Amino acid sequence: MRSIGLLGRLLGILVMVVVLDLILSAIMFERANEFSLQGEDASRMSDQLVVAYRMLEQTPPHARPEIVEELHTERFRANWAQEATRAAASLELDGLRQQILKREPDLSQTGLRLHLEPLSNGGDVGGSMILSDRSVVSFSADVNEAWRFNAQRAVFVMLPALLLVIVGVLLVRAALQPLRNLVVATRKVGDDEPSPIPVAGAPEVRQLVSAFNIMQDRIHQLIRNRQLTVCAIVHDLRTPLTRLQMRLENDTGDPADREAMMDDIVEIRMLLQSLQTFSEGIDHKETLERLDIAAMAETLVDDARDRGLDARYDGPAHLEINGRPLPLRRMLSNLIENALHYAGNAVVRLRAEGDEFVVVVEDDGPGIDAASLQDVLQPFVRLDEARSRNTPGMGLGLSIVDQIVRAEGGTFDLSNRPEGGLRAVIRLPIILQQ
């Protein structure tokens, strides 16, 4: 079964249904041949047919329509036609015909035919007779025992379609299970250690899963190599930076030059740390815990004010959420530091809205050109023409924020304030998913 493709399986289902339909049709024809009436039904139908035959046979053609109307009862209907052809029915009731002829031998000269009418027409017993002038009498009789046979017909008609639906659902479910596993795995590519998906399903699906497993390993190896390379560069540069810092501390030259070079070394350290943070990505393995996001934001604002910077917090004293402390702290810190670096001030607003919490960080700086608002979310982008030129950084702060927010299933929007400055708005679920 594993070597049969999706097309082969669908063809197999169709063949199975066709074979089942043929078998059920053969059973139905056999049952129709054996169909007969019991007691009152057989006697009543025989009497109705022989009465109709004798009355119409003895009546002139022009008066026969009136006789047909008189023959109509609640359970018997007849029709007469001067010229008509008798089409073969799908279910001929040969057994019932022999039963009627045995009761009324006079009907043998009429070429009596009996059949079951379609279910759409009620499934009654129908038939036709030929009079001596070759005109045709067709009739339909409602008999008590026909409903049981019609119920079997309905089951036999519905069974192939029901089988097709059941087998089709099972096949599609079996075929889609590896695809569902694939969808789940695609959401984790690059986040965790690669976990190969079991190769199962139709050959086409197995080929897709195998290709995904290979791709997943390649992506993981590329990410790992990139992280190792950046970490190695950062590690190797720290040693010469430390040596430079020590030499500057012992340098007796111009204090202003020494202080400027020390500031450059500190900035290089910050750049390397930012680069390493971005390269390592967001730690999704960190466990979720209950934390107070309001206290975290207020602490970061207080730290900035302790450094003599213009920062302000506007929000509740406490707002507990379910989240990862390190990424959320890094997200808030980057937004606040970005505002302080480029504008010299920052206002952090926090509020809860339904099942989300909203963080808004605003400043009074020059803002960003509207056409470039999305560009600043890309790594290594610095729009010095829009913000102050004399600022440190590699353009990774907002990119890291965007990376964290998207990883946690939230939204991050940047916009210019009408009164001037930049507004950053983050929306995240109060209860994050593991």
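Arg 54 counts as partly exposed, at 38% relative accessibility. The model is predicted. In it, Arg 54 forms a salt bridge with Asp 106, and the closest N and O atoms are 2.6 Å apart. Arg 54 sits in helix α2 (residues 39–58) and Asp 106 in the loop between α4 (94–103) and β2 (113–116), so the pair ties together parts that are 52 residues apart in sequence. Asp 106 is partly exposed too, at 34% relative accessibility. The structure holds 15 salt bridges.

**Salt bridges**

- Side chains of opposite charge can pair when their charged atoms come close.
- Arg 423 and Glu 362 meet through their side chains in a salt bridge, at 2.5 Å from N to O. This pair links distant parts of the chain. Arg 423 belongs to strand β11 (residues 422–429) and Glu 362 to strand β9 (residues 356–362), 61 residues apart.
- Glu 362 counts as buried because its relative accessibility is 8%, and the cut-off for buried is under 20%. Arg 423 has 22% relative accessibility and counts as partly exposed.
- Arg 423 and Glu 362 also belong to a network of salt bridges. Asp 314, Arg 349, Asp 364, Arg 417 and Glu 419 are linked in that network with them.
- Asp 402 and Arg 406 form a salt bridge through their side chains, at 3.0 Å from N to O. Both lie in helix α10 (residues 397–407). They are four residues apart, so about one helical turn separates them.
- Asp 402 is buried, at 13% relative accessibility.

**The five-stranded sheet**

- Five strands make an open sheet in the order β6-β8-β9-β11-β10. The pairing is mixed.
- β6 (310–314) and β10 (411–416) are the edge strands. Each of these two pairs on one side only.
- On average, neighbouring strands of this sheet are turned by 15 degrees against each other, direction ignored.
- β9 and β11 run antiparallel and are joined by seven bridges. Across this pairing, Phe 357 stands opposite Leu 428 in β11.

- Which strands does helix α9 (residues 325–343) lie across? Helix α9 lies across β6, β8 (345–353), β9, β10 and β11. It runs at about 145 degrees to β8.
- Helix α10 lies across β10 and β11. Its direction is at about 140 degrees to β10. This helix also holds the Asp 402 and Arg 406 pair.

- How many of the six residues of strand β3 (residues 125–130) are buried? Six of its six residues are, and the strand is mostly covered.
- Val 125, Gly 127 and Met 129 point one way from β3. Gly 126, Ser 128 and Ile 130 point the other way. All of them are buried.
- β2 and β3 pair in the antiparallel sense, over four bridges. Leu 114 stands opposite Gly 127 in β3.
- β3 and β4 also pair in the antiparallel sense, over six bridges. Ser 128 has Ser 138 in β4 as its bridge partner.
- β3 and β4 form a hairpin, with five residues between them. In the turn, Arg 134 has a positive phi of about 70 degrees.

**The aromatic pair**

- The structure holds one aromatic pair. The ring centres of Phe 76 and Phe 139 are 6.2 Å apart and the planes are at 20 degrees, so the pair is stacked.
- This pair links distant parts of the chain, 63 residues apart. Phe 76 is in strand β1 (residues 76–81), and Phe 139 is in strand β4 (residues 136–141).
- Are Phe 76 and Phe 139 buried or exposed? Phe 76 and Phe 139 are both buried.

How values were computed
Residues are numbered from 1 along each chain as its sequence is written. This is a predicted model: local features need pLDDT of at least 70, side-chain atom pairs count only at pLDDT 80 or more; totals for chains, interfaces and linings use all residues. Side-chain values use heavy atoms; hydrogens and water are left out. A salt bridge is a side-chain nitrogen of Lys or Arg within 4 Å of a carboxyl oxygen of Asp or Glu. Buried means under 20% relative accessible area, exposed over 50%, partly exposed in between (1.4 Å probe, protein chains only). Two strands pair if DSSP finds at least two bridges between them. Axes are lines fitted to C-alpha atoms, for helices over the stretch in contact, and angles run from 0 to 180 degrees between N-to-C directions. Contact means heavy atoms within 4.5 Å. Rings of Phe, Tyr and Trp (its six-membered ring) pair if their centres lie within 6.5 Å; planes under 30 degrees apart count as stacked, over 60 as edge-to-face and the rest as tilted.
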